[in-house]
Amino acid sequence: MGYIDDEVKRLQSIVDSLDGRIKALEKSQIGGPKPKTAEEIRMILIGPPGAGKGTQAPKIKEKFACCHLATGDMLRSQVAKKTTLGREAKKIMDQGGLVSDDIVIGMIKEELENNQECKGGFILDGFPRTVPQAESLDAMLRERNQTLQHAVELQIDDALLVARITGRLVHPASGRTYHSTFNPPKLAMTDDVTGEPLIQRSDDNAEALKKRLATYHKQTAPVVGYYQNTGIWKAIDASQEPGQVWKSLLTIFDNDKAKAKSSGSGILSKLAGRS
């Protein structure tokens with residue numbers, strides 16, 4: 001027992017010394033790079049069209065100063081910038097094909113490495129849509145010594161979605177959305193900011209939407225199951241007011257922070273337990 005006590009004291013002395021050095025370094029770094037905070041997010045938003053991903057993602061982005069990676073936006077950006085991945089994707093899309101998982105994973109990886117906004121973490125929207133994609137994403141993050149923290153599913157009844165989406169009006173240039181019943185523009189079919197005409201997307205009709213929802217449920221169920229097994233899946237009732245959905249998201253983030261805080265009291269408590 002005497003040897004163990006001496007060893008604990010020796011290790012405690014080393015830890016105290018290191019702690020002192022860290023504090024001294026932090027004090028000397030005024031004006032230099034700030035120590036990395038725990039306020040970082042790595043998450044996936046899962047939800048059918050119209051569930052509110054486009055409403056909540058900007059709020060999450062603002063809170064964590066992170067990047068919002070929506071698959072369609074990434075593809076368009078890479079094609080516009082004529083990157084290697086963008087050129088490959090354009091060739092496939094021009095031929096009417098689907099862009100491969102490898103290309104999409106490559107685009108996500110490139111964003112994480114080169115997009116300054118991604119320093120605070122990321123929100124993935126529209127990917128992964130299949131279990132193999134989820135596995136490939138996990139593998140890519142492991143290479144970066146990262147893991148996903150949350151897979152949040154915005155759940156809402158299909159009938160309510162049909163009512164929401166069939167009245168949706170869009171300003172094509174900015175992506176601003178209105179709703180003929182729930183959020184009408186000040187002037188019919190006119191964007192409040194620019195005065196330009198609004199459009200209704202051709203696939204924003206009940207018939208097309210029901211088909212999209214059927215495909216979504218078929219694709220998404222296995223992905224939800226995958227993240228339920230990994231323990232990071234959470235569900236939120238997306239039929240609530242957007243403000244209430246946001247409160248539910250904040251609860252998830254706060255619970256995660258509390259869990260991380262109480263996950264252990266460090267090396268000293270472990271050593272003390274052995275003495």
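Residues are called exposed when their relative accessible area is over 50% and buried when it is under 20%. The legends below describe close-up views of a predicted model.

**Figure 1. Overview of the predicted chain.** Ten helices and seven strands make up the secondary structure of the chain. Of its 275 residues, 36% count as buried. Among contacts between residues at least 6 apart in sequence, 70% join residues at least 24 apart.

**Figure 2. The buried and exposed faces of helix α4 (residues 84-94).** Leu-85, Gly-86 and Ala-89 are the buried residues shown in α4. These residues lie on the same side of the helix because they cover an arc of only 95° around its axis. An α-helix has 3.6 residues a turn, so residues three or four places apart point the same way. The cover over the buried residues of α4 includes α3 (71-81) and α5 (101-114). On the face turned away from the buried side, the exposed residues are Thr-84, Lys-91 and Asp-94. Gly-96, which follows α4, has a positive phi near 80°.

Figure 3. With a relative accessible area of 54%, Ala-65 is exposed.

Figure 4. Lys-53 is part of helix α2 (residues 53-64). Its relative accessibility is 14%, so Lys-53 counts as buried. Apart from neighbours within four places in sequence, Lys-53 is in contact with Leu-45, Ile-46, Gly-47, Pro-48, Pro-58, Asp-125 and Leu-154. Arg-168 is part of strand β5 (residues 168-170). Arg-168 is buried, since its relative accessible area is 18%.

Figure 5. Not counting residues up to four places away in sequence, Met-43 touches Ile-60, Phe-122, Ile-123, Leu-124, Leu-148, His-150, Val-152, Leu-249 and Phe-253. The C-alpha atoms of Met-43 and Trp-233 are 9.9 Å apart, although 190 residues separate the two in sequence.

**Figure 6. The crossing of helix α7 (residues 158-165) with helix α8 (residues 206-230).** The two axes come within 10 Å and cross at roughly 135°. Helices α7 and α8 are therefore oblique to each other. The crossing in which α7 passes α8 is right-handed. On the α7 side, Asp-158, Leu-161, Val-162 and Ile-165 take part, meeting Ala-206, Leu-209, Lys-210, Leu-213 and His-217 of α8.

**Figure 7. The crossing of helix α6 (residues 131-143) with α8.** Here the axes come within 8 Å, at a crossing angle of roughly 40°. Helices α6 and α8 are therefore oblique to each other. Val-131, Ala-134, Glu-135, Leu-137 and Asp-138 of α6 form the contact with Pro-222, Val-223, Tyr-226 and Tyr-227 of α8.

**Figure 8. The cis peptide bond between Phe-127 and Pro-128.** The omega angle of this bond is about 0°. Pro-128 is placed in the loop between β3 (121-125) and α6.

**Figure 9. Pro-172 in the loop between β5 and β6 (177-179).** Pro-172 counts as exposed because its relative accessibility is 51%. Apart from neighbours within four places in sequence, Pro-172 is in contact with Pro-197 and Ile-199. The C-alpha atoms of Pro-172 and Leu-198 are separated by 7.2 Å, with the two residues 26 apart along the chain.

Methods
Residues numbered from 1 in each chain as written. Predicted model: local features only at pLDDT ≥ 70, side-chain atom pairs only at ≥ 80, totals over all residues. Heavy atoms only, no water. Buried < 20%, exposed > 50% of the residue type's maximum accessible area, 1.4 Å probe, protein only. Helix = DSSP H or I, 4+ residues; strand = E, 2+ residues; numbered from the N terminus. Arc of directions from axis to C-beta. Contact = heavy atoms within 4.5 Å. Axes fitted to C-alpha atoms, helices over the stretch in contact; angles between N-to-C directions. Parallel < 35°, antiparallel > 145°, perpendicular 65-115°, else oblique. Left-handed = near helix turned anticlockwise from the far one by under 90°.
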